[in-house]
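Have the viewer ready and follow along.

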Amino acid sequence: LQNAELGKRAPRWIRDNEVTMCMKCKEPFNALTRRRHHCRACGHVVCWKCSDYKAHLEYDGNKLNKVCKDCYHVIIGCTDSEEKKKKGILEIESAEVSGNSVICSFLQYMEKSKPWQKAWCVIPKHEALVLYMYGAPQDVKALATIPLLGYTVDDTPRSADLPHSFKLTQSKSVHSFAADNEELKQKWLKVIHLAVKGETPECQNELQVS
């Protein structure tokens, strides 16, 4: 929702399972200390600290509702200068880059000898040589970024790997990925093979079908 509409219309609620961290302070949720709350103005999932504000919402008959810090400041009409601080490289919202990406989908990811884990992976159009990894599609901060230029691609899975896997290696760093099927793996490889050479795909739109 645009700022002008905050509180006037009911927001779309982001589902709990679409995020792994508070959409405001970026602290990870865990079962014990950080429960998920919804801001009644913007629909974002936030932790208790960031939802500890109340504002009168027009769409709910001007009743007092729990809102996040940002919406609270907009609704009561004061601006928060701290918001203007420059975002770091990891602090690009997943929804923002996924909506304007060369390719995005879930992939399994493995680093060194750690177990495989599921990650939401995105190569954004504005930075088509960087792979962003998120815990979930609506997370507001990336877990990691991999600048693809100069990596070597190895697309033959070892016996211990998942069947549709591929590796990116550069000197000592090795990143292993696995797609759910061969077709998705080939889509990712098509983009990555270009990115490691510093090139971007011409026909970006055909890769959006993820």
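Start with strand S5 (residues 101-111), which is joined to S6 by eight bridges, the two running antiparallel. Strands here are DSSP runs of E with at least two residues, numbered from the N terminus, and two strands pair if DSSP finds at least two bridges between them. Before going on, please note that this is a predicted model, in which local features need pLDDT of at least 70, side-chain atom pairs count only at pLDDT 80 or more, and totals for chains, interfaces and linings use all residues. Residues are numbered from 1 along each chain as its sequence is written, and side-chain values use heavy atoms, with hydrogens and water left out.

Back to the strands: Ser 105 has Cys 121 in S6 as its bridge partner. S5 and S6 make a hairpin with five residues between them, and Lys 112 in the turn has a positive phi of about 45 degrees.

How covered is strand S6 (residues 117-124)? Six of its eight residues are buried, where buried means under 20% relative accessible area, with over 50% being exposed and values in between partly exposed (1.4 Å probe, protein chains only). S6 also runs antiparallel to strand S7 (residues 130-134), with three bridges joining them. In this pairing, Trp 120 stands opposite Tyr 134 in S7. S6 and S7 form a hairpin too, with five residues between them.

Now to the rings. Rings of Phe, Tyr and Trp (its six-membered ring) pair if their centres lie within 6.5 Å; planes under 30 degrees apart count as stacked, over 60 as edge-to-face and the rest as tilted. This rule gives five aromatic pairs. One of them is tilted, because the rings of Tyr 109 and Phe 177 have their planes at 45 degrees, with centres 5.1 Å apart. The pair links distant parts of the chain, Tyr 109 in strand S5 and Phe 177 in strand S11 (residues 173-178), 68 residues apart. Phe 166 and Phe 177 form a stacked pair, 5.6 Å centre to centre with 25 degrees between the planes. Here Phe 166 lies in strand S10 (residues 165-170), eleven residues from Phe 177 in S11.

Together, Tyr 109, Phe 166 and Phe 177 form one aromatic cluster. Phe 166 counts as buried because its relative accessibility is 2%, and Phe 177 is buried with a relative accessible area of 0%. Tyr 109 is buried as well.

Notes. Helix = DSSP H or I, 4+ residues; strand = E, 2+ residues; numbered from the N terminus.
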